[in-house]
Amino acid sequence: MHHPQLTPRTTPELTPPVEELEKQERRLVFRQFTYDDAWALGSLLVEMARERQAPVAIDIHRGGQQLFHAALPGSTPDNDAWITRKRRVVERYGSASYLVGARCRAKGTTFEESSRLDPDEYAAHGGSFPITVDNAGVIGSVTVSGLPQLQDHRLVVEALEKFLDL
């Protein structure tokens, strides 16, 4: 959907098209996802965030269990609250929190209006991405909080691309 009031696509912080976000989800799929994978992916995210001096918290959940958590300098307890709210969106919709919000915006509405879910419990803001396993579907999520939402999303996607060697 074209929005003439929006800045051209060349603007770095402009929301990527819904199709591009959906393509990320189709591409970033695991053959399996173990405890060791959670540790390795979380550690990679910590390393990437430290290189950028990003004040983030990082979380990986699988099947209702937290497998990884790290809070880097500059992050706050608010980041953990955001992680929980963004992760709930992935758990409920089976899609990246940023994609869920982008789909609402593309329809000319907001997540809060269209979902009717409590905004204290759910946030369709960038940073939580589904952990999808071949032939199993979405089994968990990897979430970052602390940067502007598109940067949170991009950090997770970049880490998944590196981890999956894409």
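Visitor: Where is Asp165 found?

Guide: Asp165 lies in the segment after α6 (149-163). Bear in mind that this is a predicted model.

Visitor: What should I look at in its backbone?

Guide: Start with the general idea. Most residues other than glycine have a negative phi. Now the case here. Asp165 is not a glycine, yet its phi is positive, at about 60°.

Visitor: Is Asp165 buried or exposed?

Guide: Exposed. Its relative accessible area is 71%, and the cut-off for exposed is over 50%.

Visitor: Where is Arg116 placed?

Guide: Arg116 sits in the loop between α5 (111-115) and β4. Arg116 also takes a positive phi of about 60° without being a glycine.

Visitor: What is the relative accessible area of Arg116?

Guide: The value is 76%, so Arg116 counts as exposed.

Visitor: On to strands. Which strand does β4 pair with, and how do the two run?

Guide: Strand β4 (residues 128-133) pairs with β5 through 6 bridges, and the two run antiparallel. In one of these pairings, Ile131 has Gly140 of β5 as its bridge partner.

Visitor: How many residues lie between the strands in the hairpin of β4 and β5?

Guide: There are 3 residues between them. Asn135, in this hairpin, takes a positive phi near 60°.

Visitor: How many bridges join β2 to β5?

Guide: In a regular strand the side chains alternate between the two faces. Here, 6 bridges join β2 (residues 57-62) to β5 (residues 137-145), and this pair runs antiparallel. Arg62 stands opposite Gly140 in β5. Gly140 is also the bridge partner of Ile131.

Visitor: Now helices. At what angle do the axes of α1 and α4 cross?

Guide: The axes of α1 (residues 18-27) and α4 (residues 97-106) cross at roughly 155° and come within 10 Å. That angle makes α1 roughly antiparallel to α4, because angles over 145 degrees count as roughly antiparallel.

Visitor: Is the crossing left-handed or right-handed?

Guide: α1 passes α4 in a left-handed crossing.

Visitor: Which residues meet there?

Guide: From α1, Val18, Leu21, Glu22 and Glu25 take part. From α4, they meet Tyr98, Leu99, Ala102, Arg103 and Ala106.

Visitor: How do the residues of the contact of α1 with α4 divide by type?

Guide: The contact of α1 with α4 has 6 nonpolar residues, 3 charged and no polar ones.

Definitions and conventions:
Residues numbered from 1 in each chain as written. Predicted model: local features only at pLDDT ≥ 70, side-chain atom pairs only at ≥ 80, totals over all residues. Heavy atoms only, no water. Axes fitted to C-alpha atoms, helices over the stretch in contact; angles between N-to-C directions. Helix = DSSP H or I, 4+ residues; strand = E, 2+ residues; numbered from the N terminus. Parallel < 35°, antiparallel > 145°, perpendicular 65-115°, else oblique. Left-handed = near helix turned anticlockwise from the far one by under 90°. Contact = heavy atoms within 4.5 Å. Nonpolar A, V, L, I, M, F, W, Y, C, P; charged D, E, K, R; others polar. Pairing = 2+ DSSP bridges. Buried < 20%, exposed > 50% of the residue type's maximum accessible area, 1.4 Å probe, protein only.
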